[in-house]
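User: Hey, I'm new to this one. Could you walk me through it?

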Amino acid sequence: MPQKVRGVVALEKGAPVSIETIIIPDPGPGEVVVKIAACGVCHTDLHYREGAINDQFPFLLGHEAAGHVELVGEGVTEVAVGDYVILNWRAVCGTCRACLRGRPWYCFSTHNAHQSMTLEDGTPLSPALGIGAFADKTLVAAGQCTKVDPAATPQVAGLLGCGVMAGLGAALNTGNVSRGDSVAVIGCGGVGDAAIAGARLAGAGRIIAVDVDDRKLEWAKEFGATHTINSRERNAVEAIQELTDGNGADVVIDAVGRPETYEQAFYARDLAGTVVLVGVPSPDMRLELPLIDFFGRGGSLKSSWYGDCLPSRDFPMLIDLYLQGRLPLDKFVSEEIGLDDVEAAFEKMHHGDVLRSVVVL
């Protein structure tokens, strides 16, 4: 039978979120119901509330989550009732041209649950990134669930569902950081600090954190930054070059996603170095650079979408690294809150007061 649960909903553009009663249908073929244990508060949720993603209100917010499978629909073989899972927003299809070429992390036909969750009056909800996990339970496609070791608490495990995975993957997957590489990360919020942690995991020799906030630069040191640059006080490109024997970094990761930070990343890399854009720009942003500089510098200019991750491959591996003490996921959790505190968490996030607020249910 359909279930009634509590959920955090953005009813209209820009309005404060509210706690609403959500109707969860029984799972259909290929679908599962997951009882949420914890869910991180991500900037993307705020973008949904502000109408910056699309205008398909009302939204059931939350997507950076871990929990336990409660019900499974017909034909589900990936997970079973009771499994401890991290939710992801890219269930790969296995049949598109990317999947058939052995590159499922680029899947061009990812999918979500077919049925809609609704408000009590029957109004369909748009779940954030196809998940909607600021709720006691949610309905997702089975492929959006990745089983991991239950020894990792849901407060930290769920963070791999979005922002932390994006940063780690930008370094490990997209940037292909190797032992001894020099790496610069521009923007030291949650995604940037995850990129720093990823560079450290990969064995980078020099990891340079760049931000305009000294507090964030101190946080970056906790994740493995060997050097810090406050770009309000120093020219970031010149400072990165000074720290890399005048050459520039092997890999520069832009975790902000603005034209000015991308230009810094472009010129702060070594000849034939790599730039990775993981910060998300807005549609109106434009970049103007001399074309000869693209030709003359060589190297790679990459964008990293979800850290080019494959959840079935990356989530269990990263949880194992966390349990071994090699990946400090705990350091990302600034506070634990309840569903009623999401609006206040948005305000703290907007002001840069937290890396992650995590809703615990």
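This is a predicted model: local features need pLDDT of at least 70, side-chain atom pairs count only at pLDDT 80 or more; totals for chains, interfaces and linings use all residues.

User: Okay. What order do the strands take in the open sheet of six strands?
Analyst: The order is E13-E12-E11-E14-E15-E16, and the pairing is parallel.

User: Which strands are at the edges?
Analyst: Those are E13 (227-230) and E16 (300-303), and each of them pairs on one side only.

User: And how much twist is there from one strand to the next?
Analyst: It averages 15°.

User: Let's zoom in on E12 and E13. How many bridges do they pair over?
Analyst: Four bridges, in the parallel sense, with E12 covering residues 206-211. If you want a spot to look at, Ala209 stands opposite Thr228 in E13.

User: Nice. Which strands does helix H8 lie across?
Analyst: H8 (residues 259-268) lies across E11 (182-186), E14 (249-254), E15 (269-277) and E16. Relative to E15, H8 runs at about 150°.

User: Switching to H4. How many of its twelve residues are buried?
Analyst: Ten of the twelve, so H4 is largely enclosed by the rest of the structure. Among the buried ones are Gly163, Val164, Met165 and Leu168, along with Thr174.

User: What happens just after H4?
Analyst: Asn176 sits there and takes a positive phi of about 50°.

User: At what angle do H4 and H10 pack?
Analyst: About 100°, and their axes are 12 Å apart. That angle makes H4 roughly perpendicular to H10. For reference, H4 spans residues 163-174 and H10 spans residues 311-323.

User: Which residues meet there?
Analyst: From H4 you have Met165, Leu168, Leu172 and Asn173, and they meet Arg313, Asp314, Phe315 and Leu318 in H10. Sorted by class, the contact has five nonpolar residues, one polar and two charged.

User: Now the salt bridges. How many are there in the whole structure?
Analyst: A search of the whole structure finds 14 salt bridges. One of them joins the side chains of Glu64 and Arg356, at 2.8 Å from N to O.

User: Where in the chain do Glu64 and Arg356 sit?
Analyst: In distant parts: Glu64 is in strand E5 (residues 64-72), Arg356 is in strand E18 (residues 356-360), and they are 292 residues apart.

User: Are Glu64 and Arg356 buried or exposed?
Analyst: Both Glu64 and Arg356 are buried.

User: Which residue forms a salt bridge with Glu70?
Analyst: Lys137 does, with the closest N and O atoms 2.9 Å apart. This pair also links distant parts of the chain, with Lys137 in strand E9 (residues 137-141) and Glu70 in E5, 67 residues apart.

User: Why does Lys137 count as buried?
Analyst: Because its relative accessible area is 14%, and buried means under 20%. Glu70 has 24%, so Glu70 counts as partly exposed.

User: How far apart are the closest N and O atoms in the salt bridge of Asp213 with Arg215?
Analyst: They're 3.5 Å apart. Asp213 is partly exposed at 22% relative accessible area, and Arg215 is partly exposed too, at 35%.

Definitions and conventions. Residues are numbered from 1 along each chain as its sequence is written. Side-chain values use heavy atoms; hydrogens and water are left out. Axes are lines fitted to C-alpha atoms, for helices over the stretch in contact, and angles run from 0 to 180 degrees between N-to-C directions. Helices (H or I, at least four residues) and strands (E, at least two) are DSSP runs, numbered from the N terminus. Angles under 35 degrees count as roughly parallel, over 145 as roughly antiparallel, 65 to 115 as roughly perpendicular and the rest as oblique. Contact means heavy atoms within 4.5 Å. Ala, Val, Leu, Ile, Met, Phe, Trp, Tyr, Cys and Pro count as nonpolar, Asp, Glu, Lys and Arg as charged, and the others, Gly among them, as polar. A salt bridge is a side-chain nitrogen of Lys or Arg within 4 Å of a carboxyl oxygen of Asp or Glu. Buried means under 20% relative accessible area, exposed over 50%, partly exposed in between (1.4 Å probe, protein chains only). Two strands pair if DSSP finds at least two bridges between them.
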